[in-house]
Amino acid sequence: MTASHLLVPVPIPDRVAALIGSCIPPHILQAEFDADCAAREVRRFRGPRLCVEDQADREQALSELARANKILSAHHPRLAVRPGGAW
């Protein structure tokens, strides 16, 4: 038996990614892209002492992540992206 946290991500060929992407509705693909960008932005603003502008930017990124996750979770609950997620 394998544990899901022990799995190693394997790159997939571009043609396979394009085939998978063609089966997913465009608004879901856009939400996935937005969630990934917002999660990356949230990870950028971490630390105990953020200035007011950085705190506002982090809150904005969290709201964008929540908006994208709402769309992704409506399509499939396991598609949601976490700010500290590995992938």
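So, the buried residues of α3 pack against α2, and packing here is contact, meaning heavy atoms within 4.5 Å. Which residues of α3 are buried? They are Ala61, Leu65, Ala68, Asn69 and Leu72. By buried I mean under 20% relative accessible area, with exposed being over 50% and partly exposed in between, using a 1.4 Å probe and protein chains only.

Quick caveat before I go on: this is a predicted model, so local features need pLDDT of at least 70, side-chain atom pairs count only at pLDDT 80 or more, and totals for chains, interfaces and linings use all residues. Residues are numbered from 1 along each chain as its sequence is written, and side-chain values use heavy atoms, with hydrogens and water left out.

Now the overall layout. The chain has 3 helices and 0 strands, running α-α-α from the N terminus. Helices here are DSSP runs of H or I with at least four residues, strands are E runs of at least two, and both are numbered from the N terminus. Of the 87 residues in the chain, 17% are buried.

Back to our pair. Helix α2 covers residues 26–44 and α3 covers residues 52–75; they pack at about 150°, with axes 8 Å apart. Those axes are lines fitted to C-alpha atoms, for helices over the stretch in contact, and the angles run from 0 to 180 degrees between N-to-C directions. So α2 and α3 are roughly antiparallel, a label for angles over 145 degrees.

Who's at the contact? From α2 you have, among others, Ala31, Ala35, Ala38 and Val42, and from α3 residues including Ala61, Leu65, Ala68 and Leu72. The contact divides into 12 nonpolar, 3 polar and 5 charged residues. Nonpolar is Ala, Val, Leu, Ile, Met, Phe, Trp, Tyr, Cys and Pro; charged is Asp, Glu, Lys and Arg; the others, Gly among them, are polar.

Let me pick out two residues in α3. Asn69 sits in that helix and is buried, at 13% relative accessible area. Leaving aside residues up to four places away in sequence, Asn69 touches Ala35, Ala80 and Val81. Arg67 is 29 residues from Ala38 in sequence, and their C-alpha atoms are 10.0 Å apart.

Terms used: Angles under 35 degrees count as roughly parallel, over 145 as roughly antiparallel, 65 to 115 as roughly perpendicular and the rest as oblique.
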